[in-house]
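Here are my notes for you, written as I went through the coordinates. Have the viewer open while you read.

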Amino acid sequence: MDSNNHYDAIVVGAGPAGLTAGIYLSRARLKTLIINEGTVGGQLILTHEIANYPGVESISGYQLANIMKKQATSFGCEIRSNINIRDLGLTNELKTITLSDGNIYTADSVILTPGGRSRTLGVTGEDNFKGRGISYCATCDGDFFTNKEIVVVGGGNSALEEAVSLTKYASKVTIVHQFDHFQAFEHAVQDARVNTRIKFIMDSTITSFHGNENLEYVDIRNLKTGRVSRFKTDGVFIFIGYIPNTEFLKGRIDLNKWGEIVVKSDMSTNIEGVFAAGDSITKRFRQVTTAVGDGTVAALAASNYLHELKIKQKQLITA
Amino acid sequence: MLYTNLKHLESAADHQKAIIENENVMVICGRMGPMCIPVYGIAEELEKDYSHVKFYDMEFDNPESHVIRNLPEVKGFMGIPFTIYYKNGKVIKATSSIQTRDQVKTILDKEFAAAVTA
């Protein structure tokens with residue numbers, strides 16, 4: 001074991017839950033490393049304005065994440081971001097994490113806060129036309145589609161609200177949804193239904209994207225009849241929910257059927273010394289405030305575990 | 001106003017000065033939105049490992065950013081940020097919308113020669 005690469009706790013993920021855990025652990029003078037596969041802040045940085053974070057009247061997610069990062073590092077927490085995890089061993093008392101650059105880190109406890117990400121369709125052509133007709137953000141890219149005909153994929157609140165907002169730009173918005181009903185709140189459904197620029201294709205999904213330099217048309221399959229039809233469009237906006245970033249944990253820790261990490265009330269998992277917090281755990285409400293709360297509980301529980309572990313190890317030495 | 005830790009290009013003159021005075025330049029032209037912020041974050045983190053490259057951002061809605069929005073290389077782009085890579089003042093690569101760290105590193109290593117292991 002390389003003592004330079006050994007930590008009391010390693011936190012996997014640097015969203016609000018992970019950064020909070022980092023603040024609490026490092027402030028408790030526990031040697032802490034946060035490893036993050038993306039940009040520090042997680043989905044928090046994607047939020048334009050946060051107006052319901054207690055104690056802060058209004059702030060951008062980017063700024064709030066930067067403050068959290070600064071707080072964590074000011075207490076001595078180390079952060080490695082934009083790096084991939086190649087392998088991890090959680091079951092032994094000594095936890096190991098191998099990164100894509102070959103570095104191996106060990107820890108006495110691990111807190112998993114990998115968060116979630118926007119779901120993609122994962123069909124042919126989706127990667128090729130990203131930024132050339134396919135978008136996942138109406139406020140970012142809506143104005144590129146002024147007076148154009150576009151498609152919105154999805155049936156939740158985001159899809160319907162963004163479809164309505166996109167009618168400020170697009171001459172026609174066609175919502176493609178896989179079910180015969182919407183999951184969105186009724187007011188969002190009504191706002192979309194009364195909007196004369198919005199049309200609906202239900203029980204259907206996009207199976208492929210086509211074009212030359214830019215997106216020109218999509219293939220849409222009717223899920224009831226199986227019929228595939230070609231649909232001309234200038235753009236497609238995809239809002240089909242979020243998925244937890246837990247693929248790398250499959251088979252290593254208890255996940256539920258949606259891939260969320262199963263935790264107890266103290267954020268402990270089924271593996272001793274491994275805790276989890278934030279958007280990737282089993283819970284109903286996903287907010288910055290709930291992530292911060294989970295991260296606090298996970299850090300305090302991990303601190304307690306580390307304290308007991310040290311007593312146990314000391315007893316073994318003196319015995 | 002872009003709330004990033006990158007150096008900001010506020011005007012077409014700033015932009016011209018940056019690409020003329022520096023051999024290797026990356027400019028991210030975007031807004032404070034979900035497709036752009038990850039790219040700023042990646043650039044901020046790569047900045048220390050790519051000392052031979054100058055990293056800048058420029059606000060997409062600043063009228064002065066016409067120097068990027070009107071480039072022939074971005075014709076057909078329909079997603080921000082527009083990320084432009086310049087060598088000796090000439091555009092050598094341009095990408096549209098969000099990019100991963102690996103995608104950015106691949107371009108930096110290929111176009112700006114000196115590969116650096118981060």
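This is a predicted model: local features need pLDDT of at least 70, side-chain atom pairs count only at pLDDT 80 or more; totals for chains, interfaces and linings use all residues.

1. Chain A splits into two domains: domain 1 covers 3–118 + 242–318, and domain 2 covers 134–238. The centres of domain 1 and domain 2 of chain A, taken over C-alpha atoms, are 36 Å apart.

2. Start with the helix pair α1 (residues 16–27) and α6 (residues 288–318) of chain A, whose axes come within 7 Å and cross at roughly 40 degrees. Angles between 35 and 65 degrees fall in the oblique class, so α1(A) and α6(A) are oblique to each other. The crossing of α1(A) with α6(A) is right-handed.

3. Who makes that contact? On the α1(A) side you'll find, among them, A:Pro16, A:Ala17, A:Tyr24 and A:Leu25, while α6(A) brings residues including A:Val288, A:Val292, A:Asp294 and A:Leu300. Sorted by class, the α1(A)–α6(A) contact has 12 nonpolar, 5 polar and 1 charged residues.

4. Next, the open sheet in chain A: 5 strands, ordered β8-β15-β9-β10-β11, with parallel pairing. β8 (134–135) and β11 (198–201) of chain A sit at the edges with a single partner strand each, so one side of each has no neighbour in the sheet.

5. Zooming in on one pair of strands, β9 (residues 149–153) and β10 (residues 172–176) of chain A run parallel over 5 bridges.

6. Helix α4 (residues 157–166) of chain A lies across β9, β10, β11 and β15 (235–238) of chain A, and runs at about 165 degrees to β9(A).

7. From α4(A) come A:Asn157, A:Leu160, A:Glu161, A:Ala163 and A:Val164, which meet A:Ala188, A:Val189, A:Asp191 and A:Ala192 of α5(A). The class count for this contact is 6 nonpolar, 1 polar and 2 charged residues.

8. Last, the chain contact: how many residues does each chain put in? Chain B supplies 20 residues and chain A supplies 24 residues. On the chain B side, helix α2 (residues 37–46) gives the most, with 5 residues. By class, that side of chain B has 11 nonpolar, 6 polar and 3 charged residues.

Key
Residues are numbered from 1 along each chain as its sequence is written. Chains are lettered from A and ligands numbered from 1 in the order in which they are written. Two residues are in contact if their C-beta atoms, placed from the backbone, lie within 7 Å. Helices (H or I, at least four residues) and strands (E, at least two) are DSSP runs, numbered from the N terminus. Ala, Val, Leu, Ile, Met, Phe, Trp, Tyr, Cys and Pro count as nonpolar, Asp, Glu, Lys and Arg as charged, and the others, Gly among them, as polar. Domain bounds come from an automatic or database domain assignment. Axes are lines fitted to C-alpha atoms, for helices over the stretch in contact, and angles run from 0 to 180 degrees between N-to-C directions. Angles under 35 degrees count as roughly parallel, over 145 as roughly antiparallel, 65 to 115 as roughly perpendicular and the rest as oblique. A crossing is left-handed if the near helix is turned anticlockwise from the far one by less than a right angle, and right-handed if clockwise. Two strands pair if DSSP finds at least two bridges between them.
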